[in-house]
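Here is a short tour of a protein model, written for someone who has the coordinates open. Please keep the structure in view as you read.

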Amino acid sequence: MLAVSHVTKNYGKVTACDDVTFTLGDGEVTILLGPNGAGKSTIMKSIIGFLKYQGVISVDGIDNKTPEARRILGFVPEMPSLYPNLTVYEHMEFLARAYKLKGYKDRINELLDTFELTDKRKKFGDELSKGMQQKLNLCMGLLPQPKVLMLDEPMIGLDPAAIKALKDIIMRMHEEGRTLLISTHIIDSVDMLWDRTLIMQKGALKIDITKQQLDERGESLEDLFFEITGGQGE
Ligand code: ADP
């Protein structure tokens with residue numbers, strides 16, 4: 001279980017996350033919705049331990065900043081940060097070695113194949129188009145197969161084939177019982193299997209609702225989103 005308790009993050013005078021509390025059950029797929037600037041990236045970066053914040057975050061009862069928690073948690077950032085001097089394959093191999101993964105070659109080949117990067121395996125990071133960089137970023141996040149994976153705006157910049165491949169992977173990870181937190185500001189991209197939705201606006205968590213609760217209200221996610229946010233961002 002991932003537990004986020006009273007997390008507040010200020011950037012100077014801007015409160016990017018304001019007393020955010022939620023828990024995600026094991027194996028749940030949760031969609032984190034919110035307009036631009038709502039605090040979605042900030043809460044994910046806090047969970048993965050990239051930021052200092054007030055509050056407590058734990059995964060399986062372990063503080064998120066411990067090495068044990070880091071083995072459970074994975075994160076695909078919105079912006080890829082690639083090494084200009086490493087090839088596509090070397091990025092994957094470097095990560096596999098850092099995580100001490102066993103028998104990783106087949107999995108690397110499978111991921112590169114899924115995201116149509118096989119013929120780009122010898123290209124350097126800075127030779128890739130933006131879309132290809134996004135795909136490599138995803139492949140790197142998916143390689144270690146963490147128990148809890150967070151994807152920050154994963155559909156952005158992907159072509160339709162890659163979006164389909166990603167959705168299939170998300171379904172498979174759900175079947176495997178992994179816990180997923182997926183942020184997006186595009187409600188249309190959420191026509192996939194999900195168990196829970198969190199809606200944030202201006203740093204605050206406005207609603208935490210399960211699929212079943214939404215169905216009982218007889219509303220669409222889009223209706224709920226506009227009812228809660230009025231469509232307004234920062
Ligand atoms: P979202 O992911 O929902 O678009 P963010 O978490 O990126 O929102 O941003 C939340 C708020 O924090 C915004 O007002 C944004 O401008 C601000 N913010 C994010 N990162 C920084 C930063 N590094 N320095 C200053 N302000 C930031």
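## Gln 134 and its surroundings

Apart from its neighbours within four places in sequence, Gln 134 is in contact (heavy atoms within 4.5 Å) with Glu 78, Pro 80, Ile 156 and Leu 158. Gln 134 belongs to helix α5, residues 130-142. Helices here are DSSP runs of H or I with at least four residues, strands are runs of E with at least two, and both are numbered from the N terminus. A word on provenance: this is a predicted model, in which local features need pLDDT of at least 70 and side-chain atom pairs count only at pLDDT 80 or more, while totals for chains, interfaces and linings use all residues. Residues are numbered from 1 along each chain as its sequence is written, and side-chain values use heavy atoms, with hydrogens and water left out.

| Residue | Relative accessible area | Class |
|---|---|---|
| Gln 134 | 9% | buried |
| Glu 116 | 49% | partly exposed |

Glu 116 sits in the loop between α4 (104-114) and α5. Leaving aside neighbours within four places in sequence, Glu 116 touches Lys 135 and Ala 161. The C-alpha atoms of Glu 116 and Lys 135 are 8.6 Å apart, and the two residues are 19 apart in sequence.

## Helix α8

Now turn to α8, residues 221-229, where Leu 221, Leu 224, Phe 225 and Thr 229 are buried. These residues cover an arc of only 105° around the axis, which puts them on the same side of α8; the arc is that of the directions from the helix axis to the C-beta atoms. The buried residues of α8 pack against β3 (29-33), β9 (196-201), β10 (204-210) and α7 (211-217). After α8 comes Gly 230, with a positive phi near 65°.

## The whole protein

Stepping back, the protein has 8 helices and 10 strands. Its radius of gyration is 18 Å, close to the 17 Å that the globule rule gives for 234 residues, so the protein is as compact as a globular protein of that length. That radius is taken over C-alpha atoms, and the rule is 2.2 Å times the number of residues to the power 0.38. The C-alpha trace spans about 50 × 35 × 35 Å along its principal axes. Buried residues make up 50% of the 234 residues.

Note on methods
Buried < 20%, exposed > 50% of the residue type's maximum accessible area, 1.4 Å probe, protein only.
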